[in-house]
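Look at the model below and follow the chain from its start.

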Amino acid sequence: MSKLGSIGARLYRGEVGYDFIGKRKIWYGISILITITAIVGLAVRGLNMGIEFSGGAVFTTPKTSVTTAEAQHHAESASGGHQAVVQQLGDGALRIQIGGLDTKQALPVQEELAKDLKVPAKDVNTQLVGPSWGEEIANKAWLGLGIFMVLVVLYLAIAFEWRMALAALIALIHDLTITVGVYALVGFEVTPGTVIGLLTILGYSLYDTVVVFDSLKEASKDITKQTRFTYSEIANRSINGTLVRSINTTVVALLPVAGLLFVGGGLLGAGMLNDISLALFVGLAAGAYSSIFIATPLVADFKNSEPEMKALAKRVKAKRAAAAAKAASQEGAEDGPADPEDAEDGAAVVGPRHQPAARNRGRGRPSGKRR
């Protein structure tokens with residue numbers, strides 16, 4: 001068995017473990033810090049919305065020796081100062097996006113670009129996108145997100161309980177906020193592919209959370225009938241029991257996404273892959289983090305506020321205190337005095353209770369005489 005598999009088996013059996021629940025305030029603090037950073041980035045820099053949402057024109061040129069910086073300068077000059085986004089495609093072609101252009105403005109810009117880039121005008125492909133189309137996509141995305149959230153809460157409330165549904169909802173909002181904030185900080189363009197990526201990571205994050213919740217539900221069944229573990233301890237055992245599985249699932253999912261993001265989008269210059277790959281990469285990592293460090297600790301906090309769980313914690317604490325006192329008394333009895341001097345010291349400490357026994361020992365019968 002591999003070393004990781006051996007650790008996973010020991011975690012599952014409860015032989016080893018990490019106190020995730022006990023250190024939950026640390027994880028809460030880290031999440032709050034990351035979330036605040038994401039919100040500040042979103043408020044200060046905003047999202048770089050693609051032309052699918054803002055409207056404009058997309059010009060795709062054939063292979064050219066002009067650099068992206070030069071093409072951006074030519075595009076902004078030809079469009080009269082409109083902001084241009086230039087991406088180099090894998091075959092050396094350029095994809096130039098210019099927002100705010102209408103049909104009348106697109107044709108002159110196409111001809112000017114062809115002249116500056118030294119390519120035939122007929123080889124420059126032009127695609128116009130109206131802002132109403134992007135607004136429709138955005139509205140449908142928000143509607144789909146809202147329906148998804150409602151269905152998730154209803155399912156978890158029925159399959160598990162409302163506390164787990166609330167914790168999962170908070171974790172999903174946490175993942176969305178971080179992913180959108182990273183987009184704002186990095187400055188990547190938001191396209192329909194980004195929306196698809198966001199909806200995809202919600203499903204993955206929910207899957208990882210449900211795995212832990214299912215283990216917790218099974219382990220906490222009839223929890224109030226025992227006095228060995230508190231709810232927090234059982235929740236911690238559930239996290240440790242599924243930890244290796246969560247790590248393996250996350251790593252396997254992140255590897256191909258990292259290939260899309262860093263190899264496809266970075267080295268090969270396929271910029272369009274960044275739209276979906278960044279959302280997937282950040283969202284998958286945030287989802288794995290939230291299912292372990294946020295969702296389950298929140299459930300433990302919600303449950304520990306119940307009177308039944310408070311009473312259980314008191315019973316467990318009292319039982320452990322009694323067991324510790326009994327063990328200490330037994331250890332003291334086993335480590336009693338072994339020599340006469342220690343015995344005398346022990347008798348002096350104990351007091352008069354041992355004196356009758358001493359007097360009785362002194363009343364021995366005369367040897368050899370019988371009545």
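**Two packed helices**

Helix 8 (residues 192–219) packs with helix 9 (residues 231–241) at an angle of about 135°, and their axes are 9 Å apart. Axes are lines fitted to C-alpha atoms, for helices over the stretch in contact, and angles run from 0 to 180 degrees between N-to-C directions. Helix 8 is therefore oblique to helix 9; angles under 35 degrees count as roughly parallel, over 145 as roughly antiparallel, 65 to 115 as roughly perpendicular and the rest as oblique.

On the helix 8 side, the contact (heavy atoms within 4.5 Å) is made by Val212, Ser215, Leu216 and Ala219, and on the helix 9 side by Tyr231, Ile234, Ala235, Ser238 and Ile239.

The loop between helix 8 and helix 9 holds threonine 230. Threonine 230 is buried, with a relative accessible area of 17%; buried means under 20% relative accessible area, with a 1.4 Å probe and protein chains only. Not counting residues up to four places away in sequence, threonine 230 touches Ile223, Leu312, Ala313 and Val316.

The protein chain as a whole has 14 helices and six strands; these are DSSP runs numbered from the N terminus, helices being H or I of at least four residues and strands E of at least two. Of the 371 residues in the protein chain, 38% are buried.

This is a predicted model, in which local features need pLDDT of at least 70, side-chain atom pairs count only at pLDDT 80 or more, and totals for chains, interfaces and linings use all residues. Residues are numbered from 1 along each chain as its sequence is written, and side-chain values use heavy atoms, with hydrogens and water left out.

Conventions. Buried < 20%, exposed > 50% of the residue type's maximum accessible area, 1.4 Å probe, protein only.
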